[in-house]
Structure formats: structure tokens, C-alpha cells
Amino acid sequence: INGGHSMKKNELKKTALVFAADGCEEIEALTQVDFLRRAGVEVTLCSVNRSREIHGAHGIVILGDALLSECKDKTYDALITPGGLPGSETLRDHPTVIAMLQTQAERGGLICSICASPIVLEAAGLTRGRVGTSFPGFEEGLSYKEYREEIVWRDGNLITARGPATSVYFALEIVRALLGEEAAEKLRVDILQNLVEEQICNAHQ
């Protein structure tokens, strides 16, 4: 099973756990797993279902790396919640997920939520006094002190993003937070995101 700290900190890669439930947004979950692994982060895709099999919101079947019961007592550098419905609601209503997020917040660890999944942070009491974003339409149910409309927003140890098309930038910001600017820029170039951005910029000149 990937993830978790079991050796001395300086001997380890950075670790991240991506929660996933039936009805999650596949692109929001798997982009984080893929791109963080490309950057050298040890990522665990954690199924909160009774089995490792996860049925995404658009009919894609995903096999998780581990069950929640195998991950709940481990420590990760980043905890990540993908959006999608009813996936986000399942995470919101799961006491173990809430407890893990609260413990992560207490220790100052990185917490990352995209799309509808800031409702999970709301349930954990982690939005109050913070600045963040979400999928449009969810803002009224969130207790942020300030709501932002940027595609990705970082407020200290909290990273939030708006939705499926922002998944790449969400991943880049997580890499930036975990590994630094150089690693994030290397990933941006490796996946040709720089080429995409250049062509979009040129098309509007």
C-alpha cells in the first residue's frame, strides 16, 4: 500500500492521500494521482467504499490502492478531496474522513479540496476564517471569510479549486506547496502545459 510515514522523515518522499467514493469526479481524482506521482510524490488513492472498486460519476470504474481502514491511522503530507456528486456528499458524511481532515488541520498539514468537495471541509469545521473557492453555486453553503473566483486559491495549508477543467492547476499548486516552485514548473513543462498556455495566449493576440 502506498503512502504513510513509516521511516524517518528525511528518508521519505512527500506523501499524499486522495479520498475517493462512488460518484467522484474521475478527472479531479485521477489528475491528482497521476501528476503528483509524476512529480515524485508517493500517492495513495483511498477508497472509502467497502471495496477498492470506485464507480466514478461518469461511469468510469477505478481501482483504489487501499481501503480507508488501511489509511486512517497514517500520516500524510497532503489530504485531497475530489469533487463530484454524490462522491463529495459521501466524504462529507463519513466520520473517519472528517476526523482525518481535522487531525491534518491540527498538525498544519496540507488540505486540498476541489469542485463540490469543500462541503467536506465545511462539515469538518475547516472553512471558517479561511479564504477559498469551490464549484460555482456551492459558495452559499461555505463559511469562508472570503470567497474567491480564481481557478485555484491557496490560503496557507488550504488549497481549493473550482472544477474539472482546473484539475491541472490544482495539481500544480499542490506540487508547488509540497515540493516547491522548481518542481511545479518542471511538471508544467513535462506535461506540455506551458505549450497549451503559449498557444492560448498567441491565439488571443
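Student: What does contact mean here?

Tutor: Contact means heavy atoms within 4.5 Å. Take tryptophan 153: setting aside neighbours within four places in sequence, this residue is in contact with Val131, Gly132, Thr133, Arg148, Leu158, Ile159 and Thr160.

Student: What kind of model is this, and how are residues numbered?

Tutor: This is a predicted model: local features need pLDDT of at least 70, side-chain atom pairs count only at pLDDT 80 or more, and totals for chains, interfaces and linings use all residues. Residues are numbered from 1 along each chain as its sequence is written, and side-chain values use heavy atoms, with hydrogens and water left out.

Student: How many helices and strands does the chain have?

Tutor: Helices (H or I, at least four residues) and strands (E, at least two) are DSSP runs, numbered from the N terminus. The chain has eight helices and 11 strands. Its radius of gyration is 16 Å, close to the 17 Å that the globule rule gives for 205 residues, so the chain is as compact as a globular protein of that length. That radius is taken over C-alpha atoms, and the globule rule is 2.2 Å times the number of residues to the power 0.38. Along the principal axes, the C-alpha atoms fill a box of roughly 50 × 40 × 35 Å.

Student: What share of the contacts comes from residues 24 or more positions apart?

Tutor: Among contacts in the chain with a separation of 6 or more, such residues account for 63%.

Student: How do strands make a sheet?

Tutor: Strands of a sheet pair through backbone hydrogen bonds, either parallel or antiparallel. Two strands count as paired if DSSP finds at least two bridges between them. Here seven strands form an open sheet with mixed pairing, in the order 5-2-1-6-7-11-10. Strand 5 (66-67) and strand 10 (152-155) each have a single partner strand, so one side of each is left without a neighbour in the sheet.

Student: Which pairs run parallel, and which run antiparallel?

Tutor: Strand 1 (residues 15-20) pairs with strand 6 (residues 78-81) in the parallel sense over three bridges. There, valine 18 has isoleucine 80 as its bridge partner. Strand 7 (residues 110-114) and strand 11 are also parallel, over four bridges; isoleucine 114 partners alanine 161. Strand 10 and strand 11 run antiparallel, joined by four bridges. Arginine 154 partners isoleucine 159, and tryptophan 153 partners threonine 160.

Student: What happens at the turn of that hairpin?

Tutor: Two residues lie between strand 10 and strand 11. Glycine 156 takes a positive phi near 65° in this hairpin.

Student: How do I read burial?

Tutor: Buried means under 20% relative accessible area, exposed over 50%, and partly exposed in between (1.4 Å probe, protein chains only). Buried residues make up 49% of the 205 residues. In strand 11 (residues 158-161), Leu158 and Thr160 point one way, Ile159 and Ala161 the other, and all are buried.

Student: Is threonine 81 buried or exposed?

Tutor: Threonine 81 has 0% relative accessibility, so this residue counts as buried. Threonine 81 lies in strand 6. Not counting residues up to four places away in sequence, threonine 81 touches Phe19, Leu91, Leu101, Cys112, Ser113, Ile114 and Ser117.

Student: What is the relative accessible area of tryptophan 153?

Tutor: The value is 25%, so tryptophan 153 is partly exposed. Tryptophan 153 sits in strand 10. Its C-alpha atom is separated by 10.0 Å from that of cysteine 112, 41 residues apart along the chain.
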